[in-house]
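Hello,

Here is the structure I promised to pass on to you. Have a look at it first, and then read on for what turned up when I went through it.

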Amino acid sequence: MRDLTLYIGNKRYSSWSLRPWLAMEASGIPFKEVLIPFDFAAGNPRFRELSPVGMVPVLHHGKARIWESLAIIEYVAELYPEAQLWPEDRIERAAARALSAEMHAGFRALRGACPMNFGRKPAPLAVNDAVKADVARIETMWRDALETSGGPFLFGHFTAADAMYAPVVNRFEIYELADSTPTLAYMNAVKSLPAFQRWRDGALAESWVVPEDEV
């Protein structure tokens, strides 16, 4: 049985929802999408019915409930190895997992100061040194991976690592945080994905606005 249902939050803001959604959509993994908006100050109470941590995204597959973005990606990668969500080479696969884990656990300054927002028109934002350090680290990782793989994605073809950094592509664009040639080329590759464009179009069609996520 492979009936997968992915519950997500607002496409305009929910970076953690974007990650597994993009991984599955761009890889051709079939799933049902259910969007539940953040339309309560303390979060939608429906989230608690769906996830043991009361947050989205969460993947339902039969009796399974997987509630972390990276865990969801790992789960579907095992179900659909033909999607090649991780590089085949063992060393490259380890590197892709390391980059993904660093995104999952780090860059709090960037995430806190520059929330993902597909409804924001690009405009420069003054940021502190901690955010600049996060940006520099991400650009270094991207550059090193692209030089090794030859691009256009971090490990040549689209992988889970690209899905994990897709919200950063939006952040770099809308807050105008990076302008190096390799970074912009990689961002354009991600933005050119039909799946990424479908998410963007869905985000722009939403009517919900969350004031605390508007910078």
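The centres of domain 1 and domain 2, taken over C-alpha atoms, are 21 Å apart. To the contact, domain 1 gives 18 residues and domain 2 gives 19 residues. Please keep in mind that this is a predicted model. The domain assignment places domain 1 at 4–83 and domain 2 at 90–197.

How much area do domain 1 and domain 2 bury between them? The figure is about 1700 Å², and 69% of it lies on carbon and sulfur atoms. Of the area that domain 1 buries against domain 2, 33% is supplied by Arg12, Arg19 and Leu22, more than any other three residues.

On the polar side, there are 5 residue pairs in polar contact between domain 1 and domain 2.

**Salt bridges in the whole structure**

How many salt bridges does a search of the whole structure find? The count is 8. As a reminder of the general idea, side chains of opposite charge can pair when their charged atoms come close.

One of the salt bridges joins glutamate 25 and arginine 198, with the closest N and O atoms 3.0 Å apart. This pair links distant parts of the chain, since glutamate 25 is in helix α1 and arginine 198 is in helix α9 (residues 194–204), 173 residues apart. Glutamate 25 is partly exposed at a relative accessible area of 25%, and arginine 198 is partly exposed at 40%.

Another salt bridge is made by the side chains of glutamate 102 and arginine 137 (2.9 Å, N to O). Glutamate 102 lies in helix α4 and arginine 137 in helix α6, so this pair ties together parts that are 35 residues apart in sequence. Glutamate 102 is partly exposed, with a relative accessible area of 27%, and arginine 137 counts as partly exposed at 36%.

The side chains of aspartate 201 and arginine 200 also meet in a salt bridge, at 3.1 Å from N to O. Aspartate 201 has a relative accessible area of 43% and is partly exposed; arginine 200 is partly exposed too, at 32%.

Is serine 17 buried or exposed? Serine 17 counts as buried, because its relative accessibility is 0% and the cut-off for buried is under 20%. This residue lies in helix α1. Not counting residues up to four places away in sequence, serine 17 touches Ile8, Gly9, Val56, Pro57 and Trp199.

Threonine 183, in helix α8 (residues 181–191), is buried as well, at 4% relative accessibility. The side chain of threonine 183 makes a polar contact of 2.5 Å with the side chain of glutamate 139. Leaving aside neighbours within four places in sequence, the residues in contact with threonine 183 are Glu139, Trp142, Phe172 and Ala178.

Alanine 95 sits in helix α4 (residues 90–105) and is partly exposed, with a relative accessible area of 28%. Its C-alpha atom is separated by 9.2 Å from that of phenylalanine 155, 60 residues apart along the chain.

**Backbone points in the loops**

Which peptide bond is cis? The bond from glycine 151 to proline 152 is cis, with omega near 5 degrees. Proline 152 belongs to the loop between α6 (129–149) and α7 (160–174).

Glutamine 84 has a positive phi, near 55 degrees, although this residue is not glycine. Glutamine 84 is found in the loop between α3 and α4 and is partly exposed at 41% relative accessibility.

For glutamate 176, phi is near 50 degrees, a positive value in a residue other than glycine. Glutamate 176 lies in the loop between α7 and α8 and counts as partly exposed, at 45% relative accessibility.

Best wishes

Technical notes:
Residues are numbered from 1 along each chain as its sequence is written. This is a predicted model: local features need pLDDT of at least 70, side-chain atom pairs count only at pLDDT 80 or more; totals for chains, interfaces and linings use all residues. Side-chain values use heavy atoms; hydrogens and water are left out. Domain bounds come from an automatic or database domain assignment. Contact means heavy atoms within 4.5 Å. Buried area is the accessible area (1.4 Å probe) that two parts lose on being put together, summed over both. A polar contact is a pair of N or O atoms within 3.5 Å; within protein, one must be able to donate a hydrogen and the other to accept it, and residues adjacent in sequence count only if both atoms are side-chain atoms. Helices (H or I, at least four residues) and strands (E, at least two) are DSSP runs, numbered from the N terminus. Buried means under 20% relative accessible area, exposed over 50%, partly exposed in between (1.4 Å probe, protein chains only). A salt bridge is a side-chain nitrogen of Lys or Arg within 4 Å of a carboxyl oxygen of Asp or Glu.
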